[in-house]
Amino acid sequence: SRLVSGLTKTRDNIVSGIDAVFGGFSQIDEDFYEEIEEILIMGDIGVSATENILESLKQKVKENHIKKPDECKELLIESIKEQMQVGETAYRFEEEKSVVLIVGVNGVGKTTSVGKLAGKLKAQGKKVVLAAADTFRAAAGEQLKEWANRAGVDMIGGQEGSDPAAVIYDAVAAAKARNADVLLCDTAGRLHNKKNLMEELRKINRILEKEYPDAYRETLVVLDATTGQNALAQAKQFAEVTDLTGIILTKMDGTAKGGIAVAIQSELQIPVKYIGVGETIDDLQKFDPEEFVNALFD
Ligand code: GDP
């Protein structure tokens, strides 16, 4: 599958090493666990998630009276899956009238992801309106307009430098007038100015509460998987300024740092809802942790 082929480098990065450890050790001892730990951390799974995985693995080895390293693999896979559990991942915005705010810093693939998501929802027969509320970045509106055309959906924008909240206000009016199922909002991601970002998102949320109270609200943060631990740090910073309901992890095609999906879900307890696996409109997939870990160890 696409997921499996896209994960080739991540798989090489993590699983080849793990297999070597399983094959190279004749007994389960501290050295064995240390080798596994190192591989997981090098594979971007993150220190804290790795510690939890190791703890769980040791427990399982004990409970199951496992003596041979090569009998641990299934237990390790189970332990990684446990770390990715964040409850049922809901896609409520697909079920009812909703507003989806998309946040994320420049370059992570935010505009592309908004476009892909618009295409996906449109293909489900939904009426979608896009709001180009990233008025801060030159050409962001034009770039989104191209995606709107590609997806065949309407877009509401504003002048460069205009108030993002005003764009949202207009977009809500348009969504109501057109009886839209989903209003998808591209917002500016100025993480270097956290106070501004927080205020801007607060203002946008206030408008949505007041003008569109019956619409279900989601906030998805877009993160670039190729940046590894940086992606995790960004997610934490966004989580500090607003309530995140999910993550879109982009550029999972061809990165060796796909292990970051484990770190993110484990540390933030926020579900990765979609992964980006390429640059075209069809390259957005729903993320299933179980399937992901299985693909890694395939
Ligand atoms: P923004 O600044 O966050 O809005 O980022 P863009 O949407 O403009 O994307 C930045 C670059 O990343 C573009 O060249 C996109 O084609 C590329 N990109 C976005 N998502 C993906 C993905 O899932 N896979 C790959 N390979 N490239 C992507």
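Which residues form a negative surface patch? I found Asp31, Glu34, Glu35 and Glu38.

**Entry 1. Ground rules.** I worked on a predicted model, where local features need pLDDT of at least 70, side-chain atom pairs count only at pLDDT 80 or more, and totals for chains, interfaces and linings use all residues. Residues are numbered from 1 along each chain as its sequence is written, and side-chain values use heavy atoms, with hydrogens and water left out.

**Entry 2. The negative patch.** For patches I took residues with over 30% relative accessible area and no salt bridge, joining like charges within 9 Å and nonpolar side chains (Val, Leu, Ile, Met, Phe, Trp, Tyr) within 5 Å. Asp and Glu count as negative, Lys and Arg as positive, while His and the chain ends are not counted. Each charge is placed at NZ of Lys, CZ of Arg, CG of Asp or CD of Glu. Areas come from the Shrake-Rupley method with a 1.4 Å probe, and for residues only the protein chains shown count as cover. Helices (H or I, at least four residues) and strands (E, at least two) are DSSP runs numbered from the N terminus. Glutamate 38 is exposed at a relative accessible area of 52%. I use buried for under 20% relative accessible area, exposed for over 50%, and partly exposed for in between (1.4 Å probe, protein chains only).

**Entry 3. Salt bridges.** I count a salt bridge when a side-chain nitrogen of Lys or Arg is within 4 Å of a carboxyl oxygen of Asp or Glu. The whole structure has 19 of them. I looked at lysine 210 and glutamate 211, whose closest N and O atoms are 3.6 Å apart in a salt bridge. Lysine 210 is exposed, at a relative accessible area of 67%.

Next I took aspartate 224 and lysine 251, which form a salt bridge at 3.2 Å, N to O. Aspartate 224 is in strand β5 (residues 216–224) and lysine 251 is in the loop between β6 (246–250) and α11, so this pair ties together parts 27 residues apart in sequence. Aspartate 224 is buried at 6% relative accessible area, while lysine 251 is partly exposed at 30%.

Glutamate 267 and lysine 236 also meet in a salt bridge, at 3.0 Å, N to O. Glutamate 267 belongs to helix α11 and lysine 236 to helix α10 (residues 229–241), so the pair ties together parts 31 residues apart in sequence. Glutamate 267 is partly exposed at 29% relative accessibility, and lysine 236 is partly exposed at 36%. I also noted one network in which salt bridges with shared partners join Lys110, Asp134 and Asp186.

Entry 4. What does the side chain of lysine 116 reach at 2.6 Å? I found the backbone oxygen of glycine 278. I call this a polar contact: a pair of N or O atoms within 3.5 Å, where within protein one must be able to donate a hydrogen and the other to accept it, and residues adjacent in sequence count only if both atoms are side-chain atoms. Lysine 116 is in helix α6, residues 110–123. Lysine 116 is buried and has no salt bridge, the nearest side chain of opposite charge being aspartate 283 at 5.5 Å.

**Entry 5. Helix α11.** I found 8 of the 9 residues of α11 (residues 260–268) buried. Among them are Ile260, Val262, Gln265 and Leu268. Glutamine 265 has 0% relative accessibility and so counts as buried. Its side chain reaches the backbone nitrogen of valine 272 at 2.7 Å. Glutamine 269 follows α11 and has a positive phi, near 55°.

**Entry 6. Other positive phi values.** Aspartate 44 is not a glycine, yet has a positive phi of about 70°. Aspartate 44 lies in the loop between α3 and α4 (47–63) and is buried at 8% relative accessibility. Histidine 65, also not a glycine, has a positive phi of about 50°. I located histidine 65 in the loop between α4 and α5 (73–83), and histidine 65 is exposed at 63% relative accessible area.

**Entry 7. A contact across the sequence.** Valine 293 is in helix α12, residues 289–296, and is buried at 0% relative accessible area.
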